[in-house]
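Take a look at the chain below before reading on. The walk-through goes from the whole to the parts.

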Amino acid sequence: RFDLVILVGVLEHLRDLDESFAHLRTILNPGGLLYVEVPDATAFIDWDNAPFQDFSTEHINFFAPVSLENLMGARGFTRVFLEQNHREQSWKTVMSNLSAVFRKGELQPGWRPVFDRDTAIGLERYVVKCRAEDEKLHARIAELADSRRPILVWGVGTHTSRLMATSRLADANIVAFIESNARYQGKTLRGRPILAPEVLTGRSEAVLVSSRVFQHEIAAQIREQLRCTNELILLYDV
């Protein structure tokens, strides 16, 4: 049993919050503290990222101050501290963030949640912004697909997966994918091979950089580390 439990970047990933909190209550001492950090759904629009990236397939729960307090209150935790801030990630991006401390108390049978209007407003604004950005993105990809020019796509992560499903990227003449993560190398995506970056030195196709956060880093890797002169197709004006 513990006096303090820390959950940083955890709650947004858990499928069964009831089971998780039942376990937390067994390991926290009476009056014990729970420190939590989660993305702040009311502020997704405030930080630049690829369209809809904050609706990552890895994030299945979304929180804001009210909904986080609802989650905790239903499970016998009361707020000690809560702050809306931002967190700079190691991968050179910024994300909205909630930092909060809650104290374990007794379950309250008559407890009732508060309706979370702020999240509804924040997410509606975020969706409108992302749809507008997506229209520009899809237009570029449609033009590329219509050209039928052979291309290599750099990146097989969430960004590429979403574009393959929601745009015409899957219709493009993709010869192969390139991925730095060795776990994916040697596998296939939509029937095309996933190759290591070093293979690019022997290829002449244009390279579509499928990333917003790492767009410039990937371009620099191609030019400066691999010494490749392939045409680069960049999706974002950043």
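What follows covers the overall layout, then a sheet, its helices and a few single residues.

This is a predicted model: local features need pLDDT of at least 70, side-chain atom pairs count only at pLDDT 80 or more, and totals for chains, interfaces and linings use all residues. Residues are numbered from 1 along each chain as its sequence is written, and side-chain values use heavy atoms, with hydrogens and water left out.

Start with the whole chain. It has five helices and ten strands. Helices (H or I, at least four residues) and strands (E, at least two) are DSSP runs, numbered from the N terminus. Along the principal axes, the C-alpha atoms fill a box of roughly 65 × 35 × 30 Å. Of the 238 residues in the chain, 45% are buried. Buried means under 20% relative accessible area, exposed means over 50%, and partly exposed lies in between (1.4 Å probe, protein chains only).

Six strands form an open sheet with mixed pairing, in the order β7-β8-β6-β5-β9-β10. Two strands pair if DSSP finds at least two bridges between them. The edges belong to β7 (188-189) and β10 (232-234). Each has a single partner strand, so one side of each is left without a neighbour in the sheet. Strands of a sheet pair through backbone hydrogen bonds, either parallel or antiparallel.

With β5 it pairs in the parallel sense over four bridges. W154 stands opposite V209 in β9. Three bridges join β9 to β10, and these two strands also run parallel. Here V209 stands opposite L234 in β10, and L208 stands opposite I233. Which way do the residues of β9 point? A206 and L208 point one way, V207 and V209 the other, and all are buried.

Helix α5 (residues 215-225) lies across β5, β9 and β10, and runs at about 175° to β10. Axes are lines fitted to C-alpha atoms, for helices over the stretch in contact, and angles run from 0 to 180 degrees between N-to-C directions. The buried residues of α5 are Q215, I218, A219, Q221 and I222. They cover an arc of only 155° around the axis, which puts them on the same side of α5. That arc is taken from the directions from the helix axis to the C-beta atoms. An α-helix has 3.6 residues a turn, so residues three or four places apart point the same way. Strands β5, β9 and β10 are included in what covers the buried residues of α5. The face turned away from the buried side carries the exposed residues E224 and Q225. Just after α5, R227 takes a positive phi of about 60°.

Next comes the pair α3 and α4. Two packed helices are described by the angle between their axes and the distance between the axes. Helix α3 (residues 117-147) packs against α4 at an angle of about 75°, with the axes 11 Å apart. The two are therefore roughly perpendicular to each other. Angles under 35 degrees count as roughly parallel, over 145 as roughly antiparallel, 65 to 115 as roughly perpendicular and the rest as oblique. Which residues meet in α3 and α4? D134, L137, H138 and I141 in α3 meet R162, L163 and T166 in α4. The residues of this contact divide into three nonpolar, two polar and two charged. Ala, Val, Leu, Ile, Met, Phe, Trp, Tyr, Cys and Pro count as nonpolar, Asp, Glu, Lys and Arg as charged, and the others, Gly among them, as polar.

R25 lies in helix α1 (residues 17-27). R25 is buried, with a relative accessible area of 17%. Not counting residues up to four places away in sequence, R25 touches R1, R75, G76, F77, K104, G105, E106 and L107. R148 is found in the loop between α3 and β5. R148 has a positive phi of about 60° although it is not a glycine. At 45% relative accessibility, R148 counts as partly exposed. R190 lies in the loop between β7 and β8. Phi of R190 is also positive, near 55°, in a residue other than glycine. R190 is partly exposed, with a relative accessible area of 49%.

Terms used. Contact means heavy atoms within 4.5 Å.
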